[in-house]
Amino acid sequence: MSNTINPSERRRFISIVSESLLGANRKLMVDTGNFYLLKNADIVTNLPLTSTVQQDAAYETIPFIQMLLHGMMDYSGGSINLAEDPETQMLRSIEYGACPSFTWSYEDLEAKEGAKAAPEVYYADSLAQAADYYQQADQALADLRGARMTKHSMVQENVYCTEYDNSSLVYVNYGETEATVNGVTIPARSFLRLN
């Protein structure tokens with residue numbers, strides 16, 4: 001018995017699956033995904049918004065995948081309410097042009113007997129915060145949905161700038177104090193959209 005598939009059978013199988021999944025009026029959402037699958041996806045969730053390599057004087061991280069995908073499809077990073085630092089996760093979503101994402105449960109799992117405590121997923125505990133984050137993301141990114149990301153750079157310590165092909169700039173300040181870049185002040189732990 002063989003566990004191999006010949007290349008022509010593989011291509012035929014992929015074609016059948018693609019046609020079934022992506023027939024008329026269907027959309028495909030993938031979780032993280034790989035480059036082969038991304039070409040057929042409309043939405044990607046849990047796209048990494050950090051690099052595995054630490055940034056230093058010799059290496060600057062850039063949102064490479066996001067620069068390729070932005071303007072072609074919607075994507076989100078990890079769930080904001082499950083992040084170690086939800087505020088930083090939200091700022092990273094803005095910096096990387098990602099839709100905010102939350103993971104919720106309708107039931108209060110903490111109140112169920114024998115359930116593993118998980119207050120961060122009970123929707124009622126973070127609904128107001130999520131509404132605020134979505135409003136902020138809409139303010140910064142709504143009309144950039146179809147724009148291509150053309151440049152990303154660290155403009156000073158803790159401050160990053162993402163540029164789009166429609167001349168819009170989004171500054172994100174991760175620092176604990178406000179920052180001034182090119183005569184523009186970005187509040188601490190916040191962002192500023194220009195143009």
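1. A residue is called buried under 20% relative accessible area, exposed over 50%, and partly exposed in between. By that scale Glu-87, at 34% relative accessibility, counts as partly exposed, and this residue returns below as a salt-bridge partner of Arg-189. The structure discussed here is a predicted model, and the remarks that follow should be read as a description of that model.

2. On the overall fold, the protein chain contains five helices and nine strands, and reading along the sequence gives the order α-β-α-β-α-β-α-α-β-β-β-β-β-β. The chain has 195 residues, of which 36% are buried. Its exposed surface comes to about 12100 Å², with carbon and sulfur atoms supplying 51% of that area. Of the contacts between residues at least 6 apart in sequence, 44% join residues at least 24 apart.

3. Turning to the aromatic residues, the structure holds four aromatic pairs. In one of them, the rings of Phe-102 and Tyr-134 have centres 5.8 Å apart and planes at 45°, so the pair is classed as tilted. This pair links distant parts of the chain, since Phe-102 lies in the loop between helix H4 (86-95) and helix H5 (123-141), while Tyr-134 belongs to helix H5, 32 residues apart. The two partners can also be described by their accessibility: Phe-102 is buried, with a relative accessible area of 13%, whereas Tyr-134 is partly exposed at 37%.

4. Another aromatic pair is formed by Tyr-160 and Tyr-174, whose ring centres are 5.9 Å apart and whose planes stand at 75°, so the pair is edge-to-face. Here too distant parts of the chain are linked, with Tyr-160 in strand S5 (residues 159-164) and Tyr-174 in the loop between strand S6 (169-173) and strand S7 (179-181), 14 residues apart. Tyr-160 is buried at a relative accessible area of 15%, and Tyr-174 counts as buried at 11%.

5. As for charged side chains, the structure holds six salt bridges. One of these joins Arg-189 to Glu-87, at 3.5 Å from N to O, and it links distant parts of the chain: Arg-189 sits in the loop between strand S8 (184-186) and strand S9 (190-194), and Glu-87 is in helix H4, 102 residues apart. Arg-189 is buried, with a relative accessible area of 17%, while Glu-87 is partly exposed at 34%.

6. Arg-189 has a further partner in Glu-176, with the closest N and O atoms of that salt bridge 3.9 Å apart. Glu-176 lies in the loop between S6 and S7 and Arg-189 in the loop between S8 and S9, 13 residues apart, and the pair again links distant parts of the chain. At 66% relative accessibility Glu-176 counts as exposed. Through shared partners, salt bridges join Asp-85, Glu-87, Glu-176 and Arg-189 into one network.

Technical notes
Residues numbered from 1 in each chain as written. Predicted model: local features only at pLDDT ≥ 70, side-chain atom pairs only at ≥ 80, totals over all residues. Heavy atoms only, no water. Helix = DSSP H or I, 4+ residues; strand = E, 2+ residues; numbered from the N terminus. Buried < 20%, exposed > 50% of the residue type's maximum accessible area, 1.4 Å probe, protein only. Contact = heavy atoms within 4.5 Å. Areas by Shrake-Rupley, 256 points an atom, 1.4 Å probe, with all protein chains shown as cover. Phe/Tyr/Trp six-rings, centres within 6.5 Å; stacked < 30°, edge-to-face > 60°. Salt bridge = Lys/Arg side-chain N within 4 Å of Asp/Glu carboxyl O.
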